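Morning, everyone. Let me put the structure up, and then I'll walk through it.

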Amino acid sequence: MKSTREYLWFNTDSRVELINITEDVRKILTDSGIKEGLCLVNAMHITASVFINDAESGLHEDFKEWLEELAPHEPTDQYRHNRGVENNADAHLKRQIMGRDVTVAITDGELDFGPWEQIFYGEFDGKRDKRVMVKIIGE
Amino acid sequence: MKSTREYLWFNTDSRVELINITEDVRKILTDSGIKEGLCLVNAMHITASVFINDAESGLHEDFKEWLEELAPHEPTDQYRHNRGVENNADAHLKRQIMGRDVTVAITDGELDFGPWEQIFYGEFDGKRDKRVMVKIIGE
Amino acid sequence: MKSTREYLWFNTDSRVELINITEDVRKILTDSGIKEGLCLVNAMHITASVFINDAESGLHEDFKEWLEELAPHEPTDQYRHNRGVENNADAHLKRQIMGRDVTVAITDGELDFGPWEQIFYGEFDGKRDKRVMVKIIGE
């Protein structure tokens, strides 16, 4: 069995951002030389997500608006989590809707994807250093 | 390490449908001869889900109604994604609630399931050819 | 390839409870001797979740309140699933928001986690025996 583990680093300009990381994951896979297996991609911080959906900017604005309706940032004191030094309870909730991790099949050395699948990092409490893990096992 | 990769194809009569695929996945596992490992089952389209829940028709109606409340299809122009040729933004959102993929443990050549676990394909923008991937690695 | 499969058992005092299981999973990993691979942790019941988020009691109360808004338990007869002997439709829905499973990378014999990642069992219809599966494959 072969395995590889790499990090992707982010420090976003905005509090909420959705970033396409498909090519970064593909490069890690190619460098690993793994031809058959599974690739786990997960946020390493609990106010961020990794998810697979469409690379369409209108939809990304829809996602942000929808998540803000389901788990509003303000008023921040509506959440118990925010009654100390924190103000990011909404980001912990948004992360549950969008998910922590995706697992991608590796076949013939490629991300085994449907026609529109793209991997995104979902940042919900940004402007600081955060990481995504890419772990691939196989042979 | 052994691995297998198979597709399940769907073309639903309705826009939204929930379909039990447990036996299809089980057959792929049996044919693979893999006894210990992990089985990834994921929608290959970004307006569909794969999830594990109850095979109970009343609950499935509840799911459809609940998803329609959380991410309504109409009016379609409430979503930026739909201001071109698309009208399926709600399906992209519903897919995030229900999830893209499940990973199932394989033990002694069986899907290692609790008493009620069943795997479903969740179609949210149907009436066209779409695929689910089944990827199993192990030995 | 090495693999291990263990269960964690729960019988909660309350209908809804969030329980930190990180140390239980870590012990199973250590006992397995697996150094590189993937660890799948999943609820084996369809009215419960396994998720990764923050070990902060205020946030856990926020989660419970938020889930109750998104999928209220009462009135129970608002759900078709509950029109027979069941009254737990809301738990099936809450489980979709919080997720069935997480996959954790194993590197150098450790759960390869960010600084705040902790694994939780989310019970949404408790007061009875239920299980979580831990399956690790690797070498």
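**Sheet, copies and loops**

Start with one pair: Thr4(A) stands opposite Ile136(A), which belongs to β8(A). This is a predicted model, where local features need pLDDT of at least 70, side-chain atom pairs count only at pLDDT 80 or more, and totals for chains, interfaces and linings use all residues. Residues are numbered from 1 along each chain as its sequence is written, while chains are lettered from A and ligands numbered from 1 in the order in which they are written.

Now the strands around that pair. β1(A) and β8 (residues 130-138) of chain A run antiparallel, joined by nine bridges. A word on terms: strands pair if DSSP finds at least two bridges between them. Helices (H or I, at least four residues) and strands (E, at least two) are DSSP runs, numbered from the N terminus.

The whole sheet is open, with five strands in the order β1-β8-β3-β5-β6 (chain A) and antiparallel pairing. Which strands stand at the edges? They are β1 (2-10) and β6 (110-111) of chain A, each with a single partner strand, so one side of each has no neighbour in the sheet. Helix α1 (residues 22-32) of chain A packs on this sheet. α1 touches β1, β3 (37-43), β5 (101-107), β6 and β8 of chain A, and its direction makes about 150 degrees with that of β1(A). Contact here means C-beta atoms, placed from the backbone, within 7 Å. Axes are lines fitted to C-alpha atoms, for helices over the stretch in contact, and angles run from 0 to 180 degrees between N-to-C directions.

Chain A overall: three helices and eight strands. From the N terminus on, the order is β-β-α-β-β-α-α-β-β-β-β. Of its 139 residues, 53% are buried. Buried means 20 or more other C-beta atoms within 10 Å of a residue's own, exposed means 12 or fewer, partly exposed is in between, and C-beta atoms are placed from the backbone.

Next, the copies. Chain B superposes on chain A by a rotation of 120 degrees with 0.0 Å of shift along the axis, at RMSD 0.0 Å. The two copies are thus related as by a three-fold rotation axis. In chain B, the C-alpha nearest that axis belongs to Ile97(B), 3.3 Å away.

Over to chain C. Ten of the ten residues of helix α3 (residues 89-98) of chain C are buried, so α3(C) is largely enclosed by the rest of the structure. Among them are Asp90(C), Lys94(C) and Arg95(C). Just after α3(C), Gly99(C) takes a positive phi of about 95 degrees.

Last, backbone details. Glu74(B) to Pro75(B) is a cis peptide bond, omega near -5 degrees. Pro75(B) sits in the loop between α2 (57-70) and α3 of chain B. Lys127(B) is not a glycine, yet has a positive phi near 70 degrees. Lys127(B) counts as exposed, with 12 C-beta neighbours inside 10 Å. Asp108(C) also is not a glycine, and has a positive phi of about 55 degrees. Asp108(C) is exposed, with 8 other C-beta atoms within 10 Å.

Technical notes
Least-squares fit on C-alpha atoms with pLDDT ≥ 70 in both. Contact = placed C-beta atoms within 7 Å.
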